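Hi everyone, thanks for coming.

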Amino acid sequence: MKLARSLAGVLFGFLVFFAIIRMLSAFAGTLSNAPPSGYLLLSLAWTVVAAMLGGYIAARIAGAHEFPHAAAVGLLIILMGFLSMREEGASRPDWYQITLAGCGPISAMIGAAIRVLTKPRRQA
């Protein structure tokens with residue numbers, strides 16, 4: 001049961017992250033044919049927020065050992081970033097791709113820390 005809860009937490013946390021990123025990217029693309037002028041910075045900002053939410057959700061569903069679950073979400077974010085780099089090629093600046101891959105896992109861990117800080121304490 002604990003293994004299923006752990007897997008569900010990590011997968012659901014990553015799916016929330018992925019869904020937010022896809023929806024906001026699609027929304028930014030519908031604003032005009034060309035990305036907005038500050039698209040790269042806006043994309044970094046929503047990646048950080050989405051990763052924090054994904055880490056929080058993974059930690060909340062897992063129930064215990066919050067940080068390893070958020071780290072697993074962070075690992076999936078790194079893998080997605082690597083696949084994105086391979087797919088996009090040189091169409092985006094290197095700093096952008098590296099920053100995305102670095103900010104995602106850190107933000108997921110911050111989400112887990114928020115969960116730990118807001119977790120109800122047991123009465124002795």
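Let's begin with a question: which residues in helix 4 are buried? By buried I mean under 20% relative accessible area, with exposed being over 50% and partly exposed in between, using a 1.4 Å probe and protein chains only. In helix 4, the buried residues are Y96, Q97, L100, A101, G104, P105, S107, A108, G111, A112 and R115.

Before I go on, a word on where this comes from: it is a predicted model, in which local features need pLDDT of at least 70 and side-chain atom pairs count only at pLDDT 80 or more, while totals for chains, interfaces and linings use all residues. Residues are numbered from 1 along each chain as its sequence is written, and side-chain values use heavy atoms, with hydrogens and water left out.

Helices here are DSSP runs of H or I with at least four residues, numbered from the N terminus. Helix 4 covers residues 94-118, which is 25 residues. From first C-alpha to last, helix 4 reaches 36 Å, close to the 36 Å expected at 1.5 Å a residue; that expected span is 1.5 Å times one less than the number of residues.

Now over to the aromatics. How many aromatic pairs does the structure hold? There are 2. For the cut-offs, rings of Phe, Tyr and Trp (its six-membered ring) pair if their centres lie within 6.5 Å; planes under 30 degrees apart are stacked, over 60 edge-to-face, and the rest tilted. F14 and F17 sit 3 residues apart in helix 1 (residues 2-31), so about one helical turn separates them. F14 counts as buried because its relative accessibility is 16%, and F17 is buried too, at 1%.

The rings of F14 and F18 are stacked, because their centres are 6.1 Å apart and their planes at 25°. These two are 4 residues apart in helix 1, again about one turn. F18 is partly exposed, at 30%. Together, F14, F17 and F18 make one aromatic cluster.

Last stop: I61, in helix 2 (residues 39-62). I61 is partly exposed, with a relative accessible area of 26%. What does I61 touch, leaving aside neighbours within four places in sequence? Counting heavy atoms within 4.5 Å as contact, I61 meets R5, A8, G9 and F12.
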